[in-house]
Amino acid sequence: MFNHVSVLLNETIDGLNIKEDGIYVDCTLGGGGHSQEILKRLTSGHLYCFDQDQVAIEAASQRLSQISDHFTIIYSNFKNIKSELAKLGVYKVDGIVFDLGVSSPQFDDGDRGFSYNYDAKLDMRMDRNQAFSAYELVNTYEYQDIVKILYKYADEKFAKQIARAIERHRQEKPIETTFELVDIIKEAIPAPARRKGGHPAKRTFQALRIAVNDELNVFEKALDDALDLLNVHGRVAVITFHSLEDKICKYTFQEVTKQPDLPMGMPIVPDYLKPRFQKITRKPIVASEEELNENHRSHSAKLRIIERIYEDEEK
């Protein structure tokens with residue numbers, strides 16, 4: 001069963017300021033935690049949910065059906081949010097939620113190859129119909145490209161040593177499983193460093209997963225599109241678990257809420273120069289002490305929320 005505890009659930013739902021007749025989008029359906037709470041608050045409104053994991057979709061569909069039929073599940077990556085909603089005649093919405101990263105059931109399913117705790121074929125694809133997997137990356141990417149991925153997406157200080165070890169081992173035979181890769185990583189990292197800072201393969205697995213699924217580029221595009229889709233007083237809520245995701249969110253929100261540079265002494269700011277959005281969260285919301293104790297995934301979670309306050313001039 002696809003069971004997943006949503007992080008910062010109450011804070012996210014409260015922050016969306018849901019209207020019972022509104023149109024909402026859950027870009028990361030997963031176990032359906034956020035979708036269930038949104039759906040409970042809708043009467044004549046509608047919820048659109050995105051996911052590319054068929055197991056998650058089937059499980060969440062059953063749960064949502066017990067609440068109401070005011071939802072539509074879209075089997076697609078959320079990078080297609082605009083085009084997929086347009087197919088359904090939806091061009092404006094009142095709220096969008098992103099709960100980024102990999103859900104607990106995907107980590108816990110050893111066959112998916114996301115985790116260094118289970119022996120499985122190197123995979124890490126969120127969409128299992130995607131051809132490119134961690135196996136192709138590890139066995140075909142050039143040394144310098146692997147180094148770049150490990151540095152950029154995980155700040156792995158032993159990136160060069162790990163990439164060299166991967167290069168050396170795959171010359172003998174392809175690296176096929178997660179445990180084979182874990183052993184190679186352990187071999188590459190000096191013994192003193194292996195004994196501190198958590199599992200020695202944690203950073204490498206994170207970096208490979210982000211690269212395989214192109215997570216950061218996908219999120220950056222989808223966030224821009226999400227802001228375009230908002231009605232006035234509509235909100236976007238984003239939960240990140242990784243500093244690079246949070247950096248994209250923070251920078252994007254700063255850009256669209258930035259006050260214009262105006263001549264000194266201008267008494268009134270013309271409407272067309274005013275920012276179209278305002279931050280609802282000046283600083284990111286983090287998990288309470290209670291949630292930290294109950295859900296280990298919440299430790300790195302940050303929630304940022306933004307609201308559209310003006311329509312674009314040309315629209």
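**Salt bridges and a helix pair**

The structure holds 19 salt bridges, each a side-chain nitrogen of Lys or Arg within 4 Å of a carboxyl oxygen of Asp or Glu. This is a predicted model, where local features need pLDDT of at least 70, side-chain atom pairs count only at pLDDT 80 or more, and totals for chains, interfaces and linings use all residues. Residues are numbered from 1 along each chain as its sequence is written, and side-chain values use heavy atoms, leaving out hydrogens and water.

**Salt bridges**

- Arg 209 pairs with Glu 215 in a salt bridge, with 2.8 Å between the closest N and O atoms.
- Arg 209 is buried at a relative accessible area of 10%, and Glu 215 is buried too, at 9% (buried means under 20% relative accessible area, exposed over 50%, partly exposed in between; 1.4 Å probe, protein chains only).
- Salt bridges with shared partners join Lys 92, Arg 308, Glu 311 and Asp 312 into one network.
- Lys 82 and Asp 228 form a salt bridge, their closest N and O atoms being 3.1 Å apart.
- That pair links distant parts of the chain, 146 residues apart: Lys 82 sits in helix α4 (residues 81-87) and Asp 228 in helix α12 (residues 215-229); helices are DSSP runs (H or I, at least four residues), numbered from the N terminus.

**Around Ala 163**

- Ala 163 lies in helix α8 and is buried, with a relative accessible area of 0%.
- Leaving aside residues up to four places away in sequence, Ala 163 touches Tyr 143, Ile 146 and Val 147, where contact means heavy atoms within 4.5 Å.

Notes: Helices (H or I, at least four residues) and strands (E, at least two) are DSSP runs, numbered from the N terminus.
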